Amino acid sequence: MDPSRLPADWGWKVTRPSGLGFDDDPVDYSACLRDGRGILIEETPGVPLRRRKQPWHRAAPHASGANYLPFTIEIPFGLWIFTLVPNDDEERSGRTWSQKIWFRVPAWWALGPQGRTAAALLTRLEKLTWDEILTLRRSYNKAWPTDREDPAWYEAQDLAATADRATLKNALIKHTEAALGRAARLHGKRVRNFSDEQKTVCFAAAALAIEALARRLLGPLRLALGDVHTYPVPAWADTL
């Protein structure tokens, strides 16, 4: 199955690896799949949502195509496929709708065509020592000295837009920024926005999103932590 060519009426659902929803979502999606139960979509807690048309704005955008990918700052996560099912309770204001969970898919699908490598990068960043973060800072200047400007970043932005990967690029950048920030906080430190260490991981994220210019965009990361393609893929990325 190709994650970029899913039926138009399928949607994504991102959960904790256990299948439980995040934050204020108390649903156990794993149990719903096992028991064949639908999940009623609510306007507010305890108040069913009624609509005449499929309420994707209250669930998740279509899973097909490359314009949208599910995003959560939580790592690791689980990924599920669902459809919206109308309930047989039509009123003037419309009918209620439920989510039907069809199956679990590999979490790396949410991270793009190189999702396994992206998951490996995020997991590696979560485990950084402070010395390694400082090495990321120094490696950026080694790869691109401050007295010259490498156009790779601007080329990457243009390529991402042309290849319809801009949303993916931005999502992976958010993931890497969050992972780097969490690693720094473990050591009682913080990472400034637009710092060299942040740019190093963001460039790597862009490389994994668009694939082109990968050698140049991955250069600073390679100097600090080696080849990202050799990092072990975490189990959660492939779990079904």
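In this predicted model, residue D25 sits in the loop that runs between strand β1 (11–15) and helix α1 (29–35). Its relative accessible area is 16%, so D25 is buried, the cut-off for that class being under 20%. The side chain of D25 takes part in two contacts described here. With the side chain of Y29, D25 makes a polar contact of 2.7 Å. With the side chain of K13, D25 makes a polar contact of 3.4 Å.

**Salt bridges**

Side chains of opposite charge can pair when their charged atoms come close. How many salt bridges does the structure hold? The count is 13. The table includes some of them.

| Pair | N to O distance |
|---|---|
| R37 and D35 | 3.6 Å |
| R116 and D238 | 3.1 Å |
| R124 and E132 | 2.6 Å |

In the pair R116 and D238, the closest N and O atoms are 3.1 Å apart. This pair links distant parts of the chain: R116 belongs to helix α2 (residues 115–126), D238 belongs to helix α9 (residues 235–238), and 122 residues separate them. R116 has a relative accessibility of 39% and therefore counts as partly exposed. D238, at 34% relative accessibility, also counts as partly exposed.

The side chains of R124 and E132 form another salt bridge. R124 is partly exposed, its relative accessible area being 23%. Salt bridges with shared partners also join R34, D35 and R37 into one network. R37 is partly exposed, with a relative accessible area of 42%. D35 is partly exposed as well, with a value of 42%.

**Two helices in contact**

Helix α3 (residues 130–143) packs against helix α5 (residues 166–186), with an angle of about 135 degrees between them and their axes 9 Å apart. The two helices are therefore oblique to each other. Which residues make the contact? From α3 come W130, I133 and L136, and from α5 come L180, A183 and A184. By class, the residues of this contact are six nonpolar, no polar and no charged.

**A residue with positive phi**

F194 is located in the loop between α5 and α6 (196–210). Its phi is positive, about 65 degrees, although F194 is not a glycine. Is F194 buried or exposed? Its relative accessibility is 70%, so F194 counts as exposed, the cut-off for that class being over 50%.

Technical notes:
Residues are numbered from 1 along each chain as its sequence is written. This is a predicted model: local features need pLDDT of at least 70, side-chain atom pairs count only at pLDDT 80 or more; totals for chains, interfaces and linings use all residues. Side-chain values use heavy atoms; hydrogens and water are left out. Axes are lines fitted to C-alpha atoms, for helices over the stretch in contact, and angles run from 0 to 180 degrees between N-to-C directions. Helices (H or I, at least four residues) and strands (E, at least two) are DSSP runs, numbered from the N terminus. Angles under 35 degrees count as roughly parallel, over 145 as roughly antiparallel, 65 to 115 as roughly perpendicular and the rest as oblique. Contact means heavy atoms within 4.5 Å. Ala, Val, Leu, Ile, Met, Phe, Trp, Tyr, Cys and Pro count as nonpolar, Asp, Glu, Lys and Arg as charged, and the others, Gly among them, as polar. Buried means under 20% relative accessible area, exposed over 50%, partly exposed in between (1.4 Å probe, protein chains only). A polar contact is a pair of N or O atoms within 3.5 Å; within protein, one must be able to donate a hydrogen and the other to accept it, and residues adjacent in sequence count only if both atoms are side-chain atoms. A salt bridge is a side-chain nitrogen of Lys or Arg within 4 Å of a carboxyl oxygen of Asp or Glu.
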